[in-house]
Amino acid sequence: MRNRRISKTVDRLHRGLIIALGAVAVTACTTTSATAGGTGTPVGLHAIADSTWTTFDQNGLRTGVDASGASFSPATQAWTSPALDGSLYGQPLVATGRVYAATENDTVYALAADTGSVVWKTHVGTPFLKSSVPGLCGNITPTVGITSTPVIDAARGEIFVVAAEQAGAEAAHHLIGLDLYTGAALLDEVIDPASVTSPAHELQRASLALTQGRVIVGFGGNAGDCGPYHGLVVSAPEDGTAPTDFVVANLPGDSQGAVWMGGAAPAIDQQGNIWVATGNSAYTSGGQQYDNSDGVLKLSPTATLIDAFAPTSWPSDNATDADLGSTTPALLANGLVFEVGKARTAYVLHQSSLGGVGGQVASSAGFCGSEPFGGSADLNGTLFVPCADGLRAVRPTTAAPTALWHTSSGAHGSPIVAGNLVWSMSGGTLYALDPASGNAVQQFAVGSGPTSFPSPAAADGLVIAPSSNQLHAFVGPACLPGPPAPRPPSPGYWLAASDGGIFAFGSAGFYGSAGNLVLARPLVGMATTPDHQGYWLVASDGGIFAFGSAGFYGSTGALHLTAPIVGMAATPDGQGYWLVGADGGVFAFGDARFAGSTGGVHLNAPIVGMASGPDAGGYRLVATDGGVFSFGSAPFEGSAGGLSLVRPIVGMATPPAGGGSGYWLVASDGGIFAFGVAGYHGSMGGQSLNRPVVGMASTASGAGYWLTASDGGIFAFGDAAFEGSTGGFPLNAPVAGIADGPTPT
């Protein structure tokens with residue numbers, strides 16, 4: 001089993017990236033350009049604001065509305081991609097001037113948004129061969145690979161997919177993370193829960209979602225409901241640590257209860273909670289306990305059940321395969337939830353209290369004329385609902401829902417809204433509908449044989465529709481986007497070894513080192529100047545080495561110390577610094593003011609690090625047991641001193657953007673403890689490390705951090721970018737500290 005982060009130097013490294021959103025293309029629509037990707041009408045380049053489509057139906061609420069503001073009246077076919085190597089079941093995604101798609105052959109593609117040509121493709125594994133399990137049902141053939149819509153974390157610069165991969169006669173489901181710009185593998189983790197006895201019978205059809213640094217994955221069964229399976233919601237941290245899960249229909253003798261929603265994604269509310277609808281289970285008697293099937297479930301970000309709704313007809317719905325879980329719940333701004341399933345009855349619920357069995361606010365039988373599948377688009381409170389006999393529009397209130405219109409165009413797939421038109425697919429046709437009437441305004445043939453429940457996407461001035469193994473892009477009067485964006489610049493960092501050697505990565509400049517000096521004592525830490533054009537190194541005797549713009553303000557190198565120096569922190573203006581000993585004795589230099597210490601006080605555990613407060617008048621110390629001591633203007637915001645720690649604390653950091661408020665503690669196993677405004681963005685706790693973690697540094701935004709191990713291995717979280725490491729290289733001395741580099745301009 002693989003369960004790890006991947007990089008070029010050590011398995012556990014992550015390449016985080018910062019994506020610049022909302023930029024404006026600079027090339028006006030004045031020229032024409034042939035489409036390199038295939039067929040289509042040559043068109044020019046546009047000058048509208050870029051936008052992204054990084055998840056099914058554009059955002060966590062699944063509103064399905066294009067954010068670019070581009071007009072598609074009229075639309076023109078721009079390009080058709082080359083044939084991809086397998087069937088397409090998911091919705092296309094758009095970011096960085098690239099269009100992303102994944103196939104049943106376990107291949108992920110990035111195409112240029114301006115031409116449709118392939119920028120990169122990554123084959124992530126061997127897809128599962130359906131015939132390897134006799135009697136396995138399902139309508140995806142001959143192989144099952146990546147079926148769901150991927151999800152992009154723009155801040156990390158990573159696209160996540162779930163791939164079914166052949167493992168003997170069985171499938172294993174791998175959560176794969178790939179670099180948005182290169183397709184390089186960053187994560188490969190098997191996410192099948194231990195309770196799953198036959199992964200081949202679990203189909204990962206629901207689109208992926210993101211919440212609070214976790215990838216949300218829904219599982220159901222193959223078409224036909226054969227074999228042993230349970231509906232599942234798996235919540236997998238992006239850093240590759242252990243997932244948590246929720247199992248539907250998990251009562252004695254029970255099974256099924258799919259989480260698939262016609263291929264749509266779970267909805268994510270403003271608190272980060274997960275909303276799914278569930279399918280039929282093996283419980284079909286009114287005398288049986290409700291088992292979370294045939295309902296709407298609200299789960300926490302870690303997949304713990306918070307609330308549930310089911311119709312009173314849930315046992316008979318289960319018995320007749322008329323379950324509610326064929327669409328995703330629509331969360332409305334008025335605090336209501338709209339849901340309709342195979343029984344065709346539409347339900348209105350309260351988000352604040354789903355009401356349990358029979359707890360609906362209102363309902364309408366026969367809202368759809370035939371079974372609905374997928375997600376509903378939400379345009380300012382008007383929903384466009386994917387009934388199989390044609391889209392319907394509805395504006396849900398606490399009254400029984402009534403359709404405003406029912407299109408006669410034939411469009412019935414999961415709709416989106418772009419350019420004030422409703423876009424939906426049926427067969428091999430893409431329709432653009434008037435949102436006020438449902439009448440077809442435009443329609444385009446996109447090729448025969450699209451896979452079940454296809455849905456378009458819209459971003460960067462394009463509407464992009466899938467057929468069976470190609471993507472088809474359409475553009476409005478604003479013309480084509482510019483070429484794919486290069487990787488944006490990202491901050492770097494320095495590592496300091498105990499012999500004074502300095503390793504600079506990314507945008508961090510090299511300003512000198514003590515590596516060629518004979519040191520009286522080893523180096524134990526470093527700090528950077530506010531302009532990031534210099535740094536200080538500190539030795540265990542308090543000797544200070546200043547480089548670049550870092551000024552020398554004094555040291556304890558000539559003093560007799562009661563305890564060795566273990567760390568330092570610079571004042572916010574860089575005109576001074578503090579040193580701290582293992583006994584908590586504090587030494588202040590330059591404009592750093594002495595505000596107190598634990599020197600001479602009995603400590604339960606030795607001090608191992610310090611961090612500055614909001615100004616030159618305060619600082620914090622941290623001990624190996626997680627105890628935090630705050631002095632002067634630095635507020636106390638919590639500690640790990642009362643916790644039972646797996647490994648000792650080795651350092652602390654404060655987010656610069658927080659003005660000295662909030663801080664993180666890091667343990668030698670890479671465990672992270674976040675306090676105040678310092679956000680938790682992931683950790684290495686629970687992972688197998690080659691060497692212990694020895695320090696951490698915050699990004700300038702405070703929305704990420706790096707950890708370093710004694711071998712110089714780097715672990716990047718949040719918006720911290722991996723720019724290289726010394727992991728895997730022989731060092732003359734172990735790494736003892738890390739500092740953040742400059743933010744590129």
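Which residues are linked with R156 in a network of salt bridges? The views below come from a predicted model, in which local features need pLDDT of at least 70 and side-chain atom pairs count only at pLDDT 80 or more, while totals for chains, interfaces and linings use all residues. Residues are numbered from 1 along each chain as its sequence is written, and side-chain values use heavy atoms, with hydrogens and water left out.

**View 1. R156, E158 and E238 are linked in a network of salt bridges.** A salt bridge is a side-chain nitrogen of Lys or Arg within 4 Å of a carboxyl oxygen of Asp or Glu, and the structure holds 7 of them.

**View 2. D323 forms a salt bridge with K342.** The closest N and O atoms are 3.7 Å apart, and both D323 and K342 are buried.

**View 3. The side chains of E637 and R620 meet in a salt bridge.** The N to O distance is 3.7 Å. E637 counts as partly exposed because its relative accessibility is 25%, whereas R620, at 0% relative accessibility, counts as buried.

**View 4. The lining of the largest pocket holds 28 nonpolar, 16 polar and 1 charged residues.** Here Ala, Val, Leu, Ile, Met, Phe, Trp, Tyr, Cys and Pro count as nonpolar, Asp, Glu, Lys and Arg as charged, and the others, Gly among them, as polar. Of the 45 lining residues, M526, M568, M610, M652 and M696 lie nearest the pocket centre. A pocket is, on a 1 Å grid over the protein atoms alone, an open set of points where a 1.4 Å probe fits, with protein on both sides within 12 Å along at least five of seven lines, and lining residues have an atom within 4 Å of a point.

Notes
Buried < 20%, exposed > 50% of the residue type's maximum accessible area, 1.4 Å probe, protein only.
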